[in-house]
Amino acid sequence: MLDRRVLLALPLALVACKRGASAEPAVAPARSLKALAPFPVGVCAKSPQFEDPAWVDLVTAQFSQLTPEWEMKMEYILGDGPGRFRFDGPDAIAAFARHHGLRLHGHTLIWYAQGEQAFAGLDRARFTTAFDRYIATVAGRYRGQVVSWDVVNEPVTDEGSELRDCHWSRMLGADGYMIRAFHKARAADPDAVLFLNDYNLENTPRKGATFLKLVERLMKTGAPIGGIGTQSHLDIRIPAGQIRAFFRDAASLGLPIHVSELDASLRSEDRVDLRSPGQRIEQQTARVGELAEAFMALPERQRFAFSVWGARDTDSWLRQGERDNGQDQPLLFDGAGRPGPAYAAVAAAFA
Ligand code: XIL
């Protein structure tokens, strides 16, 4: 007896598989992702994309939530120099979301990767005042416009057993800067769901475990963490079951979970990668399907949103600059907006 999901996925998969085989335009999937999913389906956005009608059509048809890809980050907002805030980009994204009835997820207030220059040379008192002022100003401005924030992004090292040492931790303490950030964000926006967000939590089990222990430890101090963000930039070569295991452990904390930045590159950094195109698609479909199914298996109240890090393959950060070999298909839709194999895997899991 074929599982209902397989039966539903077959036409979607056929449409998706056509993508590689022939040029005729694949028929748009019968039901959109946001119609299939019993929770918000998100995508990242940059305001210049609003000038591309094909992007607008695809995103408004398929998605119900936006995450600013770059313009709500400190590097953009403080881009005009110390003490000056630049909000044209994030305001444009908030306006687009409002106009199209899309939820808006704020990304991100405090990130190890940004802010070192802007906060350089300040003594502890001034640093702390500037830290508090930044969060109060930004989270305060978008109060009532965002439903949630990645308050702290990527706190755990790549190796996975420790917290990153960064300008925030050196001045305010390893846990201290995160605890402070969550309290200041809560003070600025009493309603937003406040997330701790990180990557490779499924790919590197040690990192996933350290991240979950960190969430528990911070919550025990009273930090108002309201959700867990797992970026899910998947390494499709990981063994089956690893994604499911992380979600089982993550679910045990009882918090809403956001798959916040899904992409599943077909490439690897290895100098020699003997996988055939078919093997790569097979791995991608299996791991993306496992992720979507693990998310679906969560209790309804823990399914915050399922977000992908780009609408079309050509929108992906993995297709920018020297990373790009012109062939990667990390997302759900190809450059022409046609559903691919990863779309079929997600749609089948959502059905
Ligand atoms: C990336 C964007 O996609 C790029 O366009 C930008 O140049 C750098 O940041 N984890 C995150 C995201 O939380 O903010 C990053 O986004 C990708 C990794």
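Select the ligand and H107 together. An oxygen atom of the ligand sits 2.7 Å from an N or O atom in the H107 side chain. Keep in mind that this is a predicted model.

Then pick Q231. How much of the ligand does the protein bury? Taken alone, the ligand exposes 410 Å², and the protein buries 78% of that.

Besides H107, N153 and Q231, it includes E69, K73, W111, E154, H233, E261, W309 and W317. Show the surface next. The space that the ligand takes is the largest pocket.

Move on to helix 3, residues 53-62. Begin at its start with D52. A side-chain oxygen of D52 comes within 2.9 Å of the backbone nitrogen of A54. Which residues of helix 3 are buried? Select W55, V56, L58, V59 and Q62. Then color what covers them: the cover includes helix 2 (33-36), strand 1 (41-45), strand 2 (65-68), helix 5 (88-99) and helix 12 (341-350).

Last stop: K207, in helix 9 (residues 205-220). Is K207 buried or exposed? K207 counts as buried because its relative accessibility is 0%, and the cut-off for buried is under 20%. Show its contacts beyond four places away in sequence. K207 touches V156, T157, D158, G160 and R164, and also D198, Y199, N200 and L201.

Methods:
Residues numbered from 1 in each chain as written. Predicted model: local features only at pLDDT ≥ 70, side-chain atom pairs only at ≥ 80, totals over all residues. Heavy atoms only, no water. Helix = DSSP H or I, 4+ residues; strand = E, 2+ residues; numbered from the N terminus. Buried < 20%, exposed > 50% of the residue type's maximum accessible area, 1.4 Å probe, protein only. Contact = heavy atoms within 4.5 Å. Near = heavy atom within 4 Å. Polar contact = N/O pair within 3.5 Å; in protein donor to acceptor, adjacent residues only side chain to side chain. Areas by Shrake-Rupley, 256 points an atom, 1.4 Å probe, with all protein chains shown as cover. 1 Å grid on protein atoms, 1.4 Å probe; cavity = no way out; pocket = protein on both sides within 12 Å on 5 of 7 lines; lining within 4 Å. Sits in = over half its atoms within 2 Å of the grid points.
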